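Please open the structure in a viewer and keep the selection tool at hand.

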Amino acid sequence: MLRIEKLTKRFGENTAVDTATLHIDKPGMIGIIGRSGAGKSTLLRMINRLADASDGQILFEGRDVTKLTGKARRGWQSDCAMIFQQFNLVPRMDVVSNVLHGTLNRRSTLVTLFNLFPLEDIHRAIDILDRLGIAEHAPKRAEALSGGQQQRVAIARALMQDPKIILADEPIASLDPMNAQTVMEALHRIHKEDGRTVICNLHTLDTARRYCDRVVGMRDGRIVFDGLPEQLTTGVAREIYGADASFSEAATSTEIAALAAPARDVTRDAEAMI
Ligand SMILES: Nc1ncnc2c1ncn2[C@@H]1O[C@H](COP(=O)(O)OP(=O)(O)OP(=O)(O)O)[C@@H](O)[C@H]1O
Ligand SMILES: [Mg+2]
């Protein structure tokens, strides 16, 4: 289905993603883990064509999506909807209009400019919100909702595109544990019930273990682990994060990066904060 072959992204001297190869042959819920700067976001951004690859290929059902331009590229971006840590909603706009903007790729500028959405789309948006348990918030401004509710609006907007793949970049990193659980359960249901593939960058190990059927570990731009959640032992996790014996399973990738960083970096960060 999706075959990523030796995908590489260079920013000047720095190789953010280094010959990453990943084959997804059946719909899955895939978690990507790794410390801060490992290349997780860059990988997702290349899949969605928000960033261009420096080298390598992304094949979806046999078609090289790295080569798509114009309308074909926008079509691909509809097929693989992206969800972000900060939701990326229009805060002052009502929830249902935010969701309807998920059809933006398919509609003319005029339609979107005047919010002239067809009634069937409005019904579909409400149905999707209902499925995610937030239909009653449809007329409210997005900014009036809690973080977890806003992230579910972002998921609804993604579903409006009827995507084959959902790419989620740290979707729960800004949420409290209760909201995080609701959002992960929503993503999991979308995978299970709809057969969509969800690829999710996660910053805690326990979330990857609990919700994903496959975990990919990145370190310094490379894929260094690709296996089942149960194969993700503490030892393997320590390798992925490049952490020492003080490594804690409960720590987030940002905390681990700070732990594993050379002492002078920590001092420099501390100085920068003063
Ligand atoms: N637009 C950019 N220009 C230059 N360098 C970049 C750019 N985007 C990312 N990088 C670099 O690429 C590397 C990988 O970054 P990326 O954001 O993909 O990591 P990440 O695993 O998502 O980290 P985090 O967990 O902090 O989100 C880092 O060294 C980063 O500084
Ligand atoms: Mg990132």
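Which residue in β5 is the bridge partner of F60? Select F60 and R63 together: R63 is that partner.

Before continuing, please note that this is a predicted model, in which local features need pLDDT of at least 70, side-chain atom pairs count only at pLDDT 80 or more, and totals for chains, interfaces and linings use all residues. Residues are numbered from 1 along each chain as its sequence is written, while chains are lettered from A and ligands numbered from 1 in the order in which they are written.

**The strands around F60**

Next, select β4 (residues 55–60) and β5 (residues 63–64), which run antiparallel and are joined by two bridges. Strands here are DSSP runs of E with at least two residues, helices are runs of H or I with at least four residues, and both are numbered from the N terminus. Two strands pair if DSSP finds at least two bridges between them. β4 and β5 form a hairpin with two residues between them; in this turn, E61 has a positive phi of about 45°.

**Ligand 1**

Select ligand 1 and the 12 residues that surround it, a residue being near a molecule if its C-beta atom, placed from the backbone, lies within 6 Å of it. The closest are F11, A16, S36, S41 and T42. β2 (14–24) and α1 (40–47) each supply at least two residues of this shell, and the largest share, three residues, comes from α1.

**Helix α5**

Move to α5 (residues 119–131), a helix of 13 residues. Colour R124, A125, I128 and L129, which are buried, meaning that 20 or more other C-beta atoms, placed from the backbone, lie within 10 Å of the residue's own. Seen down the axis of α5, the directions from the axis to the C-beta atoms of its buried residues fall within an arc of 140°, so these residues line one face of the helix. On the other side, L119, E120 and H123 are exposed, with 12 or fewer such atoms.

Finally, select G133, which follows α5 and has a positive phi, near 75°.

**The whole protein**

Zoom out to view 11 helices and 10 strands. Of the 274 residues in the protein, 38% are buried.

Note on methods. The expected span of a helix is 1.5 Å times one less than its number of residues.
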